[in-house]
Amino acid sequence: MQTARQRRDDSEQDAPMDTHSTSGRPGYRWWLLPALTLIIGLVLTAVIAPRSQVPVQALTRDLSRTHHDQLSQALVERATDVLVAARGLTTRDTSTGSDAFKPRARSLLGEFPEVAGVELLTRINHAQRPMVERQLTEQAGQFVRLARWTGTRDSELAEPADHYLVILQGVFQPDAGTGYSGLGLVASSVPHWREALRLAEREGRPAATTVTELERNGGEQRALRVFIPFPDAGEQNQARHLLALVIRPDQWLEHQLSGIHDTRWQVEIHDISQHARQPLATLPAASPPAGDIPATRSTLTLANRQWMLSTRPAGDWLDSLRQQALWPAWLTGLTITLLATLLTALACWQLITQKRLLQRRTIRARRLGQQLDNTRVEKTILHHSLQESDRRARDLIELGAGIFAELDEGRHIGYLSAQTATLLDIPSTELVGTPLDALFAEKEKREIAMTFDAARRDQGIQRLDTELVTRDGLAIPVSLRVKALKDPLSGCAGFRVSITPR
C-alpha cells in the first residue's frame, strides 16, 4: 500500500502545470523567451547566410583546378604524341619525294586532325631554282615563283641567292583548303621564323614559330609552324630537309579538347613569348566568364615555345551555384529558427514529461536489476547442482562392481572405468582405442555384434549374458548391457556399455 505522502507526490506529478506561475515567475514572462528566440534566429540567419558563398568559391576553385589540370594533361600528352609521330616522318629511311612523302603525311593528318597540314622544306641552290619553280607550278596548277615574305599579306619575288630554304610540298586537311599559300615561300625570309629555323637546323630539335598570316597563290592561311629537322646535314651543318607542322590554334585547341571540354569554363591559350593580350585560341563557355573569380593558369610547352593555358568559370553557372548555396542557407536558418521557437514554447511541458519518464525508467531499472541478480543466483545454484550431479555419477561408477565404457560407432573403446584392472588385471588406459570385441571369446563375438545392432536399431537397452576373457585365458561370466547414443545426422554416435559379473 502507498503511504499518504507517496499518494500526495503522485498527485502533484499528475497535476497540470500552472500557466500563471512556474518556478516563482509570472506566466507571461515564459512567452517572451520564444519571441526572443525568433528574433535571434532571424538575425543570425541574416548574418550567416551570406557566408555560404565562401564554400561555393572554394568549390569553384577546386573544380576549376581539376578541370584545368585535366585539360592541361590532355594538351601536353596530345602535343607529345603529335611530335613523336611527326618525327617518324623524318627518319633517315624516309624519302622526301612527292610519291613517298604525301601518303605518309596524309596518314599523320588522319591520325591527328588537330594538325592543319604538313609541309616539306628543302634547301636548294640557285641552279635548281628554275626546275623547282616548274615543279611548284605543276603541283599548284598555277604560276608559282620563289618569293620572300614582306608583310602580313604581302610577298615579292625572292632575290637571287646561293641557297634557298623553300616550302616545296604541302599536304593539308580537307577542310583547310588547298594549302598552296606557302608553296614557293623562302622560309628564311620570314623574320619571326628565323630563330625557330636556326634551332631546328643547327641544334637538331623541334622549334615552333608565332602565328603567321600568309596570302599567296590564291590561298590564305593564319597558322603557326613547328619545324622538325631530318637527320641529314648539308653545308655548314645545316639540315637539307625540314618538316613543318602547320597548326591553326583555334582548330588545334578545339580538336585537342574534343570530348573533355566543359562549357562551364572558357579556355584560352596565350603565347607567353609574344606578351600579347589577345589569346592565340579560345574555346568559349556557355555564357560570358565571371569577372570576380581569378582565372586558373598553367604553362604548356610546344616544342620550344611557352604557352599559358587559362580557364575561367562561366558567370551564369557560378551565379547558379551561389543561388543553390544561398537559398538552402536561408531555408535552413528559418527552419531552425521556427523549430527553436516551437521547442522553447514546449520546453516546460517537455521537462515535466522527461521527469516522469525518468522516474518510471528508474523504477524499471531497479526491477530489472533485481531480476538480473535473481538470474545470477539461479545460475550459480544450477552450476553447483551440475557439479554435484557429475561427482555423484563418478562416485557411482567407482562404487559399482562392473565395468562401464563408452564406445564409438565402430565399437572402439573411448572410455573405460577403473574396474577393468580388478576384473581383467589390465589397466584401462591400455584398452582405450581397441575394439571391445577383443575382451570376449571368439565364439561370443557374433552374438555381441547382434546385440549392438539391436541396440542401434531399437534405440533401447539390450542385454546379453556372455564371458570376458582375461590375459591368462580365464573366462569370467558377465552380463553385458548396451545402449546406443542417438545422432540426428548418422542415427548413432556410439554406445554406452556396462559389464557386470554374474
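**An arginine and other sites**

Guide: R364 counts as exposed because its relative accessibility is 54% (exposed is over 50%, buried under 20%, partly exposed in between; 1.4 Å probe, protein chains only). This is a predicted model, in which local features need pLDDT of at least 70, side-chain atom pairs count only at pLDDT 80 or more, and totals for chains, interfaces and linings use all residues. Numbering runs from 1 along each chain as its sequence is written, and side-chain values use heavy atoms, without hydrogens or water.

R364 sits in helix 10, residues 347–399 (helices are DSSP runs of H or I, at least four residues; strands are E runs of at least two).

Now helix 13. E447 lies in this helix, residues 445–458. E447 is partly exposed, at 40% relative accessible area. D465 is 18 residues from E447 in sequence and 9.8 Å away in space, C-alpha to C-alpha. Q459 occupies the loop between helix 13 and strand 17 (461–469). Q459 is partly exposed too, at 29%. Its phi is positive, about 55°, although Q459 is not a glycine. Most residues other than glycine have a negative phi.

A303 also has a positive phi, about 60°, without being a glycine. A303 lies in the loop between strand 13 (296–302) and strand 14 (305–313). At 23% relative accessibility, A303 is partly exposed.
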